[in-house]
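Here is a quick tour for someone meeting this structure for the first time. Have a look at the sequence and the model, then read on.

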Number of protein chains: 2
Amino acid sequence: MNILIIGAAGMLGRKLTHSLVADGELGGKAISRMKLADVVAPEKPGGSSIGFDIAAVDISDPAVAARLIADRPDIIFHLAAIVSGEAELDFDKGYAINLDGTRYLLEAIRQASAKEPYCPRLVFTSSIAVFGAPFPDKISDEFFTTPRTSYGTQKAIGELLLADYSRRGFVDGVGIRMPTVCIRPGKPNKAASGFFSSILREPLVGQEAVLPVDENVRHWHVSPRSAVRFLKQAAAMDTAVLGSRRNLNMPGLSATVGEQIEALRRAAGEKAVKLIRREPDPLIIEMVDGWAKDFDASRAKTLGFAAESSFDEIIRVHIEDELSGRIGV
Amino acid sequence: MNILIIGAAGMLGRKLTHSLVADGELGGKAISRMKLADVVAPEKPGGSSIGFDIAAVDISDPAVAARLIADRPDIIFHLAAIVSGEAELDFDKGYAINLDGTRYLLEAIRQASAKEPYCPRLVFTSSIAVFGAPFPDKISDEFFTTPRTSYGTQKAIGELLLADYSRRGFVDGVGIRMPTVCIRPGKPNKAASGFFSSILREPLVGQEAVLPVDENVRHWHVSPRSAVRFLKQAAAMDTAVLGSRRNLNMPGLSATVGEQIEALRRAAGEKAVKLIRREPDPLIIEMVDGWAKDFDASRAKTLGFAAESSFDEIIRVHIEDELSGRIGV
């Protein structure tokens with residue numbers, strides 16, 4: 001089996017790569033080749049018999065997608081995106097990467113399938129940013145998409161294209177609407193949602209973090225470990241059950257910032273909590289106010305997707321996967 | 001006031017043009033100029049002091065939109081589209097006109113607004129084809145868009161772009177999801193929904209019509225007269241009340257083909273009904289099966305949009321507007 005990961009240098013891309021290399025297989029089929037693509041060259045994993053190709057590419061270049069799929073990968077993970085904050089600041093760049101980049105990929109697959117039968121599984125990472133306030137208490141699987149960011153708009157368009165290209169038989173697509181991934185390891189990125197991770201990640205290693213919103217802000221979270229599992233499940237699942245509805249709300253954990261902080265207190269004590277500095281940011285407050293807070297996600301749950309059920313669990317996953325089991329506060 | 005109509009040679013475009021010329025004003029402001037654009041040159045209306053420009057253009061040409069809006073129209077009606085049947089048969093053409101054409105228009109407006117403040121009202125005709133089965137009995141204003149045609153996909157994408165460009169302040173957009181316009185005057189077009197009109201229009205003038213589906217097929221209709229009124233209302237309405245949700249389900253009449261035929265019998269007798277020839281068409285049956293049947297539309301109703309309440313009324317409108325008040329059977 002031949003796998004292509006677009007966006008392989010990002011946080012989820014790296015974790016997915018490592019997980020697939022560790023598994024050596026996907027859906028019961030051995031992985032023979034992997035192509036890792038991103039705007040910067042992804043690192044080549046060592047200690048594996050899998051053949052790796054590394055590609056540093058700009059997916060907003062119309063010619064790139066055809067080269068990426070030239071060896072007809074069986075499974076394509078499309079994770080590459082300009083994140084919400086940056087797509088809001090740079091209108092053109094967001095549309096070029098998030099909309100055009102996705103459309104070029106779908107078109108390249110369609111053109112390839114016109115020459116010789118080809119219908120790869122394409123796992124598209126969408127986002128809960130496709131939804132925009134006002135919301136019901138729990139967002140149902142049939143709630144409409146009225147994004148309040150350009151990023152959310154671009155993801156919603158990607159979903160529609162994915163569904164139409166799948167319906168026409170050009171690709172076998174699954175779109176998964178990721179909750180906010182928390183705790184994101186590493187450095188903050190430009191995502192406006194970054195503080196949800198930062199207020200736990202930094203204090204867990206004895207560093208200060210900034211909280212730009214109120215403690216009563218509620219949001220929808222999933223650990224990186226579950227997010228990677230979602231991607232692999234979406235790649236291996238039977239898509240016949242999806243019909244023409246190819247985009248799924250993933251399960252997650254609905255929690256307030258206050259509940260996050262209480263879990264931090266239980267895991268690392270008052271000393272850690274004291275490292276959170278309140279610094280309200282009107283721009284972030286306004287953006288976050290338009291974001292989804294809680295979901296039903298019953299369709300995905302029925303299909304076997306499952307997430308964490310407490311922030312204690314999410315913090316434990318972070319301590320295990322990122323801190324070698326030790327808190328540094 | 002300066003008005004641009006893109007798609008002015010189509011059925012709705014011509015009716016809208018005539019209606020605006022007859023009114024001489026829109027939203028209380030006198031119309032001084034009108035630019036009528038379409039892929040074939042729209043007819044120039046006579047007997048009016050309004051200055052007309054006529055443009056035969058291909059909106060899938062990236063350079064066209066900037067020329068169309070060069071004189072900064074206050075109101076733009078974007079009615080141009082490849083219809084459902086044709087967009088399904090010609091994948092590239094549907095995406096080129098319905099997606100790229102709409103995006104080029106929005107981009108041209110954005111580029112113009114970057115040079116000098118400009119934020120025209122843009123009325124975008126969307127369609128109930130943005131929805132795809134299975135449906136609830138009545139589709140609510142918050143139901144999700146899972147189109148089952150490429151046309152519906154392209155319209156749903158147009159809606160998302162319209163909302164994002166409006167949110168960013170580049171344009172003042174209103175998207176209206178038209179019910180199927182019935183009775184369409186003139187010749188059949190390539191829309192798969194054409195028979196809904198044909199089974200009434202042809203018998204009313206003593207001609208045969210083909211019915212490709214069952215009598216129990218239920219669908220969502222509006223007269224051309226109401227459709228034109230919707231367009232004018234959308235152009236003149238206060239958009240502040242829409243917030244970030246710029247796309248509206250228009251009101252309509254939910255009726256079965258059997259109910260249409262009963263209304264025809266009441267209007268024109270058994271002789272007219274006998275002119276309907278049953279000829280099941282599997283392709284049309286399958287497409288129509290995925291279409292919306294009934295809507296709540298309460299948001300648009302609250303905003304003052306109203307449609308017909310019986311097929312007797314829809315037939316009467318057709319006889320008045322198209323047949324000079326006389327049935328020809």
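Two strands count as paired if DSSP finds at least two bridges between them. Helices (H or I, at least four residues) and strands (E, at least two) are DSSP runs, numbered from the N terminus. With that in hand, chain A has an open sheet of three strands in the order S9-S11-S13, with mixed pairing.

This is a predicted model, where local features need pLDDT of at least 70, side-chain atom pairs count only at pLDDT 80 or more, and totals for chains, interfaces and linings use all residues. Residues are numbered from 1 along each chain as its sequence is written, while chains are lettered from A and ligands numbered from 1 in the order in which they are written.

**Confidence**

- pLDDT is the predictor's confidence in each residue, from 0 to 100; its mean for chain A is 96, and 99% of the residues of that chain reach 70 or more.
- The model's scores are ipTM 0.95 and pTM 0.96.

**Strands in chain A**

- Back to the open sheet S9-S11-S13 of chain A: its edge strands are S9 (180–181) and S13 (253–256), each pairing on one side only.
- S11 (residues 218–222) of chain A runs antiparallel to S13(A), and four bridges join the two.
- One of the residues to look up is A:His221, whose bridge partner in S13(A) is A:Leu253.
- Elsewhere in chain A, S7 (residues 121–127) and S8(A) run parallel, joined by seven bridges; A:Ser127 has A:Met178 as its bridge partner in S8(A).
- How many residues of strand S8 (residues 172–178) of chain A are buried? Seven of its seven are, where buried takes 20 or more other C-beta atoms within 10 Å of a residue's own, exposed takes 12 or fewer, partly exposed is in between, and C-beta atoms are placed from the backbone.
- Both faces of S8(A) are covered, with A:Asp172, A:Val174, A:Ile176 and A:Met178 on one side and A:Gly173, A:Gly175 and A:Arg177 on the other.

**How the two chains meet**

- Chain A and chain B each put 19 residues into the contact (two residues are in contact if their C-beta atoms, placed from the backbone, lie within 7 Å).
- On the side of chain A that touches chain B, helix H5 (residues 150–167) of chain A gives the largest share, eight residues.
- That side of chain A divides into seven nonpolar, six polar and six charged residues. Here Ala, Val, Leu, Ile, Met, Phe, Trp, Tyr, Cys and Pro count as nonpolar, Asp, Glu, Lys and Arg as charged, and the others, Gly among them, as polar.

**Buried parts of chain B**

- Helix H6 (residues 194–204) of chain B is mostly covered, with eleven of its eleven residues buried.
- What covers the buried residues of H6(B) includes strand S9 (180–181), helix H8 (257–273) and helix H11 (311–322) of chain B.
- After H6(B) comes B:Gly206, with a positive phi near 75 degrees.

- Most residues other than glycine have a negative phi, and most peptide bonds are trans.
- The peptide bond from A:Cys182 to A:Ile183 is cis, with omega near 5 degrees, and the bond from B:Cys182 to B:Ile183 is also cis, with omega near 5 degrees.
- A:Arg72 is not a glycine, yet has a positive phi of about 50 degrees; A:Arg72 sits in the loop between helix H2 (64–68) and strand S6 (75–78) of chain A.
- Is A:Ala297 buried or exposed? A:Ala297 is buried, because 23 other C-beta atoms lie within 10 Å, and its phi is positive, near 55 degrees.
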